[in-house]
Amino acid sequence: MQHLIETQQFDREALNRVFEIATSYESKRDESLRGKILASLFFEPSTRTRLSFESAMLRLGGNVLSMENASESSSATKGETIEDTIRIVDNYSDAIVMRHPEAGAAARAATVSEVPIINGGDGAGQHPTQAFLDLYTIAREIGRTDDFHVAFVGDLKYGRAARSLAYLLGKYDKVRMTFVSAPALKMKDDIKEYLNESNVRFDETEDIKRAMEIADVVYQTRVQKERFPSQEEYLKFKGAYVIDRSMVDHMKKGAILIHPLPRAGEIAPEVDDSPHAVYFKQAGYGVLVRMALLKTLLGEGKKTIRAYRRRK
Ligand code: CP
């Protein structure tokens with residue numbers, strides 16, 4: 001049995017296979033997960049991750065059990081631990097996708113679960129399935145996953161989607177990264193150490209305009225209000241890096257602007273009809289990628305994922 005906890009579990013071959021399956025779902029029907037049940041346990045709000053996983057499972061002929069707002073509506077309110085909740089829900093389902101405010105929560109769930117755990121975002125930790133659909137978007141929209149320059153913008157300290165994608169891109173060749181953020185929201189050292197070990201070239205700047213002019217991919221992120229110690233602290237950074245139409249019009253020909261969404265003002269609505277803006281298309285790719293991941297975890301492809309091993 002395999003759990004999907006972090007992007008490091010996937011190598012290029014495994015991802016290529018997932019992406020091939022994802023693309024095949026644009027043109028074929030597959031109800032091979034009929035009779036299987038996906039439980040979605042969301043202890044934090046979500047629109048895309050929960051609904052696209054549920055849509056993916058239904059499109060593959062399976063069924064879903066859904067608990068949104070689990071911090072308030074589950075027995076966690078009575079003091080039940082994550083481990084005990086998982087020991088119960090794994091009796092009711094064939095896989096569990098879980099989002100939780102604590103970094104490491106999905107790994108804790110995996111230690112006790114009898115069915116695959118899929119990390120749907122764990123605090124400021126990782127959001128691996130978002131990184132897979134981000135990479136899939138890059139592959140589809142610029143036509144390659146090697147030899148490109150990506151600028152990550154915004155809240156790189158708390159933004160788990162950017163962290164996961166940076167890890168993942170460390171496996172690809174000649175990917176150059178620029179991290180654009182306020183000094184207090186810089187990418188954390190664990191990622192930078194990993195990139196150094198993986199010989200990935202990266203730099204850090206506060207100059208968004210220059211970064212946008214030279215990047216092939218601009219990855220804008222939301223300032224993660226829910227992770228700040230206070231509203232006052234959050235307001236210091238909200239609005240620091242707003243992308244407007246004139247900035248996007250200076251992007252290179254063929255370059256793309258992506259965002260995991262939701263946005264909270266950091267991309268102006270006037271950008272939406274720019275040919276560079278592909279963030280809504282990116283969210284649409286999420287269903288295809290999550291169908292492919294469910295098929296891989298619950299169907300014949302499960303041996304392609306490296307087992308998750310908890311680090312000390
Ligand atoms: N990108 C993302 O994780 O969106 P949701 O929070 O809506 O799931």
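This report describes the domains, nonpolar cores and salt bridges of a predicted model.

## Domain arrangement

The domain assignment divides the protein into domain 1 (7-126 + 285-304) and domain 2 (128-282). Between the C-alpha centres of domain 1 and domain 2 the distance is 25 Å. Their contact involves 30 residues from domain 1 and 29 residues from domain 2.

## The interface between the domains

Domain 1 and domain 2 bury about 2,600 Å² between them, and carbon and sulfur atoms give 56% of this area. Of the area that domain 1 buries against domain 2, 30% is supplied by Thr 7, Arg 12 and Tyr 285, more than by any other three residues.

Polar interactions also cross this interface. There are 16 residue pairs in polar contact between domain 1 and domain 2, counting pairs with both residues at pLDDT 80 or more. The elements that give two or more residues to the side of domain 1 that touches domain 2 are helices H1 (12-24), H2 (48-59) and H12, together with strands E3 (95-100) and E4 (117-122). Helix H12 provides the largest share of that side, 6 residues. The rule for salt bridges finds 5 across the interface of domain 1 and domain 2.

## Nonpolar cores

The largest nonpolar core comprises 61 residues, and those with the most contacts inside it are Phe 132, Val 150, Phe 152, Leu 165, Leu 169, Met 177 and Leu 294. Helix H12 (residues 279-298) makes the greatest contribution to this core, with 10 residues. Because domain 1 (7-126 + 285-304) and domain 2 (128-282) both give residues to the core, it lies between them.

Leaving aside residues up to four places away in sequence, Leu 165 touches Ala 131, Asp 134, Leu 135, Ile 138, Phe 152 and Tyr 219. Another core, of 21 residues, lies apart from the largest one; among its members are Val 153, Val 180, Ile 208 and Met 212.

## Salt bridges

In the whole structure, the search finds 28 salt bridges. One of them joins Glu 44 to Arg 160, with the closest N and O atoms 3.3 Å apart. Within helix H2, Arg 50 and Glu 54 lie 4 residues apart, about one turn of the helix. Their side chains meet in a salt bridge at 3.4 Å, N to O, and both Arg 50 and Glu 54 are buried.

A salt bridge also forms between Arg 108 and Glu 83, whose closest N and O atoms are 2.9 Å apart. Arg 108 belongs to helix H5 (residues 105-112) and Glu 83 to helix H4 (residues 82-89), so this pair ties together parts that are 25 residues apart in sequence. Arg 108 is partly exposed, at 23% relative accessible area, whereas Glu 83 is buried, at 18%. Elsewhere, Lys 186, Asp 189, Lys 192 and Glu 204 are linked in a network of salt bridges.

## The loop between E9 and H12

The salt bridge between Arg 245 and Asp 273 has its closest N and O atoms 2.6 Å apart. Arg 245 lies in helix H11 (residues 245-249) and Asp 273 in the loop between E9 and H12, so the pair links distant parts of the chain, 28 residues apart. Arg 245 is partly exposed, with a relative accessible area of 24%, while Asp 273 is exposed, at 64%.

Pro 269 lies in the loop between strand E9 (256-258) and H12. With 62% relative accessibility, Pro 269 counts as exposed. From C-alpha to C-alpha, Pro 269 and Tyr 241 are 14 Å apart in space, and they are 28 residues apart in sequence.

Technical notes: Residues numbered from 1 in each chain as written. Predicted model: local features only at pLDDT ≥ 70, side-chain atom pairs only at ≥ 80, totals over all residues. Heavy atoms only, no water. Core = buried A, V, L, I, M, F, W, Y, C linked by side-chain atoms within 4.5 Å. Buried < 20%, exposed > 50% of the residue type's maximum accessible area, 1.4 Å probe, protein only. Domains from an automatic or database assignment. Contact = heavy atoms within 4.5 Å. Buried area = accessible area lost by both parts, 1.4 Å probe. Salt bridge = Lys/Arg side-chain N within 4 Å of Asp/Glu carboxyl O. Polar contact = N/O pair within 3.5 Å; in protein donor to acceptor, adjacent residues only side chain to side chain.
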